[in-house]
Amino acid sequence: MHDFTIRTQRLLIRTFQKEDWPAVYAYTADRSVMHFIPGGRMTEAETQSYVNRQADDAPEAYAVLLPSQERLIGHISFHPWFAPRTYEIGWVFHPDYYGRGYATEAARAMLDYGFETRNVHRVIATCQPENPASWRVMEKLGMTREGHFRQCIEQPGGIWWDEYFYAALKAEWQEITRSAASG
Ligand SMILES: CC(C)(COP(=O)(O)OP(=O)(O)OC[C@H]1O[C@@H](n2cnc3c(N)ncnc32)[C@H](O)[C@@H]1OP(=O)(O)O)[C@@H](O)C(=O)NCCC(=O)NCCS
């Protein structure tokens, strides 16, 4: 998986490099960006260690760059989940770049890659109902909402979060891709 690179119309998705950490810290330090990410906002040291881990042999997330601005603008997580040929996908972007379809474009490319190159059968994604930007991405990708788990994530202060559970199957994805190609 070293030197993994995917180009989309506007984006470059690649393996993290250790020097990427300051660009990642520009958004992992932001409490509002990290509100729904397990562990919440990161310190400099935590970001550095996260990026170092991803730059090693078995990455679980990939950097997303905007080549036109030579900027790292976010990352897509994509890694095996605990079921056969099932992966989990996730996304975190710098707020300066929200709302331009970048997360959807990057995730679509990772799903293509997973289904066509890694022989993945099913890709799942989860988010909180209070995070519409994230479940909109899942819907735009054509993933199906398979579940709404109630009060399944405990937060400090006696608060419980619900969770939406989405998935895409390889055959469905191929159908979506075929329909998109035929206009
Ligand atoms: C989720 C996230 C990656 C989306 O990135 P993005 O590049 O803005 O995503 P896209 O532009 O591809 O799509 C976002 C969609 O959500 C919609 N959206 C954004 N905020 C919304 C809101 N408050 N209510 C309803 N829809 C909203 C956008 O309008 C867009 O839909 P559209 O294309 O139909 O208009 C980004 O918001 C982010 O990094 N959030 C913080 C990290 C996070 O929560 N990650 C997910 C954890 S499960």
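This is a predicted model: local features need pLDDT of at least 70, side-chain atom pairs count only at pLDDT 80 or more; totals for chains, interfaces and linings use all residues.
View 1. Helices (H or I, at least four residues) and strands (E, at least two) are DSSP runs, numbered from the N terminus. Phenylalanine 78 is buried, because 24 other C-beta atoms lie within 10 Å; a residue counts as buried if 20 or more other C-beta atoms lie within 10 Å of its own, as exposed if 12 or fewer do, and as partly exposed in between, with C-beta atoms placed from the backbone. Apart from neighbours within four places in sequence, phenylalanine 78 is in contact with Tyr62, Tyr87, Ile89, Met110 and Gly114, where contact means that the C-beta atoms of two residues, placed from the backbone, lie within 7 Å. Proline 67 is 11 residues from phenylalanine 78 in sequence, and the two are 21 Å apart in space, C-alpha to C-alpha.

**View 2. The packing of helix H1 with helix H2.** The axes of H1 and H2 come within 9 Å and cross at roughly 125°, where axes are lines fitted to C-alpha atoms, for helices over the stretch in contact, and angles run from 0 to 180 degrees between N-to-C directions. The two helices, H1 and H2, are therefore oblique to each other, since angles under 35 degrees count as roughly parallel, over 145 as roughly antiparallel, 65 to 115 as roughly perpendicular and the rest as oblique. In this contact Trp21, Val24, Tyr25 and Thr28 of H1 meet Glu44, Thr47, Gln48 and Val51 of H2. By class, the contact of H1 with H2 has 4 nonpolar, 3 polar and 1 charged residues; Ala, Val, Leu, Ile, Met, Phe, Trp, Tyr, Cys and Pro count as nonpolar, Asp, Glu, Lys and Arg as charged, and the others, Gly among them, as polar.

**View 3. The buried residues of helix H1.** Within H1, which spans residues 21–28, the buried residues are Trp21, Val24, Tyr27 and Thr28. Seen down the axis of H1, these residues fall within an arc of 125°, so they line one face of the helix; the arc is that of the directions from the helix axis to the C-beta atoms. They pack against helix H2 (44–55), strand E4 (71–80) and E5.

**View 4. Helix H4 beside helix H3.** Helix H3 (residues 102–117) and helix H4 (residues 132–141) pack at an angle of about 50°, with their axes 10 Å apart, and H3 and H4 are therefore oblique to each other. On the H3 side, Ala103, Thr104, Ala107, Arg108 and Leu111 meet Val137, Lys140 and Leu141 of H4. The residues of this contact divide into 5 nonpolar, 1 polar and 2 charged. The buried residues of H4 are Ser134, Val137, Met138 and Leu141, and, seen down the axis of H4, they fall within an arc of 95°, so they line one face of the helix. What covers them includes strand E5 (86–93), H3, strand E6 (122–127) and strand E8 (159–169). Just after H4, glycine 142 takes a positive phi of about 90°.

**View 5. Leucine 12 in strand E2 and arginine 7 in strand E1.** Leucine 12 is found in E2 (residues 12–15) and is partly exposed, with 18 other C-beta atoms within 10 Å. Not counting residues up to four places away in sequence, leucine 12 touches Thr5, Arg7, Leu65 and Pro67. The C-alpha atoms of leucine 12 and leucine 65 are separated by 5.1 Å, although these residues are 53 residues apart along the chain. Arginine 7, found in E1 (residues 5–7), is exposed, with 11 other C-beta atoms within 10 Å.

**View 6. Positive phi at arginine 85 and glutamine 151.** Most residues other than glycine have a negative phi. Arginine 85, in the loop between E4 and E5, has a positive phi near 50° and counts as partly exposed, with 14 C-beta neighbours inside 10 Å. Glutamine 151, placed in strand E7 (residues 144–155), has a positive phi of about 45° and is exposed, with 10 other C-beta atoms within 10 Å.

Methods:
Residues are numbered from 1 along each chain as its sequence is written.
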